Amino acid sequence: MSFGTAEYKRRIRKTKERMATEGIDVLLITDPANMNYLSGYDAWSFYVHQMLVIINDDEQPLWIGRGMDRNAAKVTTWLYDENIIPYPDDYVQSDTKHPMDFVACILTQIGQGNRAIGVEMESYYFTAKCYQQLQKGLPNAILKDATLLVNWVRIVKSNAEIEYMKRAAVIVEKAMMDGIGLIKEGVRECDVAAKIFHTQITGTDAFGGDYPAIMPLLPSGDKNSTPHLTWTDKRYKRGDAVILELAGCYKRYHSPLARTVNIGQPNDKFITLSNLVVEGLNACLDMIKPGIYCEEIEETWRKAIEKSGIIKDSRLGYSMGLNYPPDWGEHTASIRKGDKTILQPNMTFHLIPGIWLDQYGFEASESIRITETGCETFAKLPRELFIKDGVLSKSETHIGLEEV
């Protein structure tokens, strides 16, 4: 297990408090990050149906999943063997039966079939078919939407979780610099991605890395006006700008980071955009502290860049930490206008004020922790535009890239 039993019990208790507030007796958790958070379960088995069942008057959850994954639950969770319930393999991708039929049968057998049951309606891993089969198999139950119930419990991290994110930050710093170091004219995009992957997984001599929830995002050249492209086998050209957005991951805890590189001397417009983004990012980092609303950070950003006339219509950041593919975000607080979430110590965010115009874009981001008096960044790399094979930027000189 990644944490001691006492920490898991504390998380279960806080989850049950939220269940009581929402009038939920039984909570069916299908989001693998929430399953991990409450039980420790960690396997690449989320491509089939599985769940954790929290019952308000039972001390331990139930794990229900595919038979061949039963032993994974035994070796990664704090659950008793009798609380680990496998379903037969003929439920997998079957036209005649569904794993939720099995779940409904189990809940009925243990006397939970006529209670208020919460389900994660907006989870990637809970389908319309799941809901339909639960309705059919539990006709006397009241099914309630429990989307993000556990996610909001997760938003304030323990000190142990913060330590894992700090280790992830060490990994992402190393992966970022390895990626930047390899980018130059004539190098293939896929080779840079491979280098980044290698560093993300090998980590450091002291601790290794885990697979991140999002693949390295590496839009370049005429593609860097959009943020969510990965890589191809094309070779970089002189004049290309390359955005790198990636994360270190340690025991499923993430520390994302974005930086931008230009191969050769950039034009004045690109330099102006990069300076604008960094200026706005710095202004936000200087004002963040406990007790303010998320939307106040966005307001600071907006005022810092208003002289440019540029309007950023996407959010400025989001709560993040523990997760599985396809996203490292927690889907709770967002740094944008209208979000009244009050910052508390040990909340963690990915602050990513990227700007993508019609022809080009620039990203520089930081993963941050709210402290007792302000905020701290997990990573410690320069934020300015990196310039390769041209006039070296202060950032490159500072970190020793002059040898590349």
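Me: What is the relative accessible area of L148 in this structure?
Reply: First, a heads-up: this is a predicted model, in which local features need pLDDT of at least 70, side-chain atom pairs count only at pLDDT 80 or more, and totals for chains, interfaces and linings use all residues. Residues are numbered from 1 along each chain as its sequence is written, and side-chain values use heavy atoms, with hydrogens and water left out. Buried means under 20% relative accessible area, exposed means over 50%, and partly exposed is in between (1.4 Å probe, protein chains only). L148 counts as partly exposed because its relative accessible area is 23%.

Me: What is the phi of L148?
Reply: L148 sits in the loop between β6 (142–145) and α6 (149–154); helices (H or I, at least four residues) and strands (E, at least two) are DSSP runs, numbered from the N terminus. L148 is not a glycine, yet its phi is positive, at about 70 degrees.

Me: Is R252 buried or exposed?
Reply: R252 lies in the loop between β7 and β8, and it is another residue other than glycine with a positive phi, near 75 degrees. Its relative accessibility is 0%, so R252 counts as buried.

Me: Which residue does a cis peptide bond join to P325?
Reply: Omega of this cis bond is about 15 degrees.

Me: How many helices and strands does the chain have, and what is its radius of gyration?
Reply: The secondary structure comes to 11 helices and 16 strands. The radius of gyration is taken over C-alpha atoms, and the globule rule is 2.2 Å times the number of residues to the power 0.38. For 404 residues that rule gives 22 Å, so the chain is as compact as a globular protein of that length, with a radius of gyration of 23 Å.

Me: What percentage of the chain is made up of buried residues?
Reply: Picture the C-alpha atoms in a box of roughly 70 × 45 × 40 Å, taken along the principal axes. Of the 404 residues in that chain, the buried share is 57%.

Me: Among contacts between residues at least 6 apart in sequence, what percentage join residues at least 24 apart?
Reply: Contact means heavy atoms within 4.5 Å. For the chain, the share joining residues at least 24 apart is 68%.

Me: What are the edge strands of the open sheet formed by 6 strands?
Reply: This sheet has the order β4-β3-β2-β1-β5-β6, with mixed pairing; two strands pair if DSSP finds at least two bridges between them. The edge strands pair on one side only, and they are β4 (84–87) and β6.

Me: What does the twist of that sheet average from one strand to the next?
Reply: Axes are lines fitted to C-alpha atoms, for helices over the stretch in contact, and angles run from 0 to 180 degrees between N-to-C directions. From one strand to the next, the twist averages 25 degrees.

Me: What is the bridge partner of L52 in β3?
Reply: β2 and β3 form a hairpin with 6 residues between them. Strand β2 (residues 51–55) runs antiparallel to β3 (residues 62–66), and 3 bridges join them. In β3, L52 is partnered with W63.

Me: How many residues of β3 are buried?
Reply: β3 also pairs with β4, in the parallel sense and over 4 bridges, and one partner pair there is R66 with Y87. β3 is largely enclosed by the rest of the structure, because its buried residues number 5 of the 5.

Me: Which helix lies across β1, β2, β3, β4 and β5?
Reply: Helix α2 (residues 32–39) lies across β1 (26–29), β2 and β3, at about 55 degrees to β2. The helix asked for spans residues 99–109 and runs at about 140 degrees to β4: that's α4.

Me: How many disulfides does a search of the whole structure find?
Reply: A disulfide is a pair of cysteine sulfur atoms within 2.5 Å. C294 is in no disulfide, as the nearest cysteine sulfur, that of C284, is 12 Å away. The search of the whole structure gives 0.
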